[in-house]
Amino acid sequence: MPSTRLPYASQSVAKYYFIAALALFTAQIVFGLALGLQYLLGDFLFPYIPFNQARMVHTNLLIVWLLFGFQGAAYYMVPEESETELYSLKLAIALFWIFLVAGALTIVGYLAVPYAKLAELTGNDLLQTMGREFLEQPLPTKLGIVAVMLGFLFNISMTVLKGRKTSISLVLMIGLWGLALLFLFSFVNPHNLVRDKMYWWFVVHLWVEGTWELIMGALLAFVLIKTTGVDREVIDKWLYVIIAMALITGILGTGHHFFYIGMPGYWLWVGSIFSAMEPIPFFMMTVFAFNMVQRRRREHPNQAALLWAVGCSVVAFLGAGVWGFIHTLSPVNYYTHGSQVTAAHGHLAFYGAYVMVVLAIISYAMPILRGRVANSQKAQNVEMWSFWMMTIGMAVMVLALTGAGILQIWLQRMPTSGAMSFMDTQDQLRFFYWIRVGGGVGFLLGLMTYLSSFFVGGVPREVPEGAAALRMRSV
């Protein structure tokens with residue numbers, strides 16, 4: 001039976017982070033499906049899990065499990081890129097348990113205690129940081145996130161400093177440090193509503209359309225190097241151009257959140273122009289991925305990981321690029337802002353850009369972490385089925401939400417007189433909401449299929465001749 005060993009023993013800590021990420025991802029989808037049903041059955045799970053609590057859990061789990069995925073990817077990639085062991089394996093393990101326990105206690109707090117009472121119990125009167133979407137975490141949790149991320153960044157940075165420096169590891173480090181520093185704006189909660197929304201978007205937008213794109217680019221480049229055998233110099237050139245475009249368009253593209261919140265009128269132009277350019281780096285990622293596959297020097301035994309990597313580039317372009325552009329120009333956004341069109345864009349963009357890239361690195365690394373080069377063909381077939389089930393399920397959800405958003409705008413926002421009320425409009429959207437639930441069920445089944453692939457037996461795929469060196473180090 002073909003087997004392999006980790007190039008660096010400390011990479012093994014990544015397995016803890018990947019398992020936790022997948023467990024939290026599953027919980028996130030379960031709560032998302034519950035939310036979809038609550039749109040249709042208003043008293044579903046009430047009073048045990050009201051809508052506001054379920055939504056907090058759903059969105060917070062998204063952030064936490066992706067952070068686990070990013071950390072696991074860094075712990076796997078950086079020792080291999082730096083050609084040295086992790087600076088401190090014990091620190092990585094300790095931070096894992098601290099982060100996991102703190103996250104679990106926060107979720108229990110959301111579900112067990114009314115939010116106002118939770119704020120009172122956790123010292124929100126000392127420093128008011130709670131109450132903002134995606135940043136609902138109590139003060140102790142926010143402080144814990146900062147402490148964990150600083151420890152993690154210290155560990156990774158010291159590893160990079162003592163070893164080889166590569167473009168991939170440096171881009172990854174810039175993205176991770178940017179992620180951590182921008183989170184500090186979550187502690188700033190001014191009484192002026194305009195400034196409050198500005199600082200909030202400094203976290204949310206500059207995460208998902210700024211620093212996280214650097215992390216995505218580094219992860220995608222790493223997987224493509226390993227699975228295609230293309231020269232590192234070629235991939236590095238693409239990576240530099242893509243991240244430059246991502247930062248130029250993403251930073252100034254923050255302006256599409258400043259359209260109608262009391263900011264100066266020039267943001268209508270700045271936000272529209274640079275937001276219209278934001279699909280460019282995602283399109284470049286798509287061209288990059290397909291170009292690398294076409295230029296591949298061999299067939300890697302892990303075809304499932306390659307499918308996730310290529311799928312990530314395509315779906316990210318559709319979700320973040322196309323669906324983002326649909327409603328990013330200020331005259332259009334005037335009608336679409338906060339509608340179900342926004343929800344459609346958010347779901348597809350997160351799935352394509354970040355969920356799929358984390359699943360790609362897990363798909364590539366987990367077999368090696370388990371002592372094999374790649375899973376058996378049978379297991380990979382199951383995994384590739386899960387790819388299509390999740391992607392089709394997400395597509396159904398997004399098309400349903402897009403249809404709901406268009407109808408919502410037509411009935412509620414377009415008419416100059418006789419517009420429907422919000423609740424009457426929601427009644428007209430029930431057909432689309434049922435379709436969304438169907439897509440959500442399909443996505444959950446796809447996720448269950450993905451998880452089952454880890455338990456499918458069979459003989460691991462053979463390593464093609466000349467591939468042994470490529471699994472141990474970069475080309």
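In the predicted model, A305 is in contact with V223, T227, A360, S363 and Y364, once neighbours within four places in sequence are set aside. The residue sits in helix 11, which covers residues 303–326. A305 has a relative accessibility of 0% and therefore counts as buried. The cut-off for that class is under 20% relative accessible area.

A305 was also compared in position with S330. The two residues are 25 places apart in sequence. In space, their C-alpha atoms lie 39 Å apart. S330 belongs to helix 12, a run of residues 330–336. S330 has a relative accessible area of 9%, so this serine is buried. Its contacts, not counting residues up to four places away in sequence, are F259, Y260, L268 and S272.

A further serine, S386, is placed in helix 14. That helix spans residues 377–413. The relative accessible area of S386 is 0%, and the residue is therefore buried. Beyond four places in sequence, S386 touches W308, G446, T449 and Y450.

G151 lies in helix 5, formed by residues 139–162. Its relative accessible area is 14%. This value falls under the 20% limit, so G151 is classed as buried. With residues up to four places away in sequence left out, G151 touches L91 and L95. The separation of G151 from A94 was also computed. These two residues are 57 apart in sequence, yet their C-alpha atoms are 9.8 Å apart in space.

Helix 3, residues 89–112, packs with helix 1, residues 14–40. The angle between the two is about 15°, and their axes are 11 Å apart. Angles under 35 degrees count as roughly parallel. Helix 1 and helix 3 are therefore roughly parallel to each other. Their crossing is left-handed. On the helix 1 side, the contact is made by Y16, Y17, A20 and F31. Helix 3 contributes A92, L95, F96, L100 and L111. By residue class, the contact holds 9 nonpolar residues, no polar ones and no charged ones.

The chain as a whole was then examined. The protein chain has 17 helices and 0 strands. Its C-alpha atoms fill a box of roughly 70 × 45 × 45 Å, taken along the principal axes. For 475 residues, a compact globule would have a radius of gyration near 23 Å. The chain has 22 Å, which agrees with that expectation. Buried residues make up 59% of the 475 residues. A305, S330, S386 and G151 are all in the buried class.

Contacts were also sorted by their separation in sequence. Among those between residues at least 6 apart, 82% join residues at least 24 apart.

Definitions and conventions:
Residues are numbered from 1 along each chain as its sequence is written. This is a predicted model: local features need pLDDT of at least 70, side-chain atom pairs count only at pLDDT 80 or more; totals for chains, interfaces and linings use all residues. Side-chain values use heavy atoms; hydrogens and water are left out. Axes are lines fitted to C-alpha atoms, for helices over the stretch in contact, and angles run from 0 to 180 degrees between N-to-C directions. Helices (H or I, at least four residues) and strands (E, at least two) are DSSP runs, numbered from the N terminus. Angles under 35 degrees count as roughly parallel, over 145 as roughly antiparallel, 65 to 115 as roughly perpendicular and the rest as oblique. A crossing is left-handed if the near helix is turned anticlockwise from the far one by less than a right angle, and right-handed if clockwise. Contact means heavy atoms within 4.5 Å. Ala, Val, Leu, Ile, Met, Phe, Trp, Tyr, Cys and Pro count as nonpolar, Asp, Glu, Lys and Arg as charged, and the others, Gly among them, as polar. Buried means under 20% relative accessible area, exposed over 50%, partly exposed in between (1.4 Å probe, protein chains only). The radius of gyration is taken over C-alpha atoms; the globule rule is 2.2 Å times the number of residues to the power 0.38.
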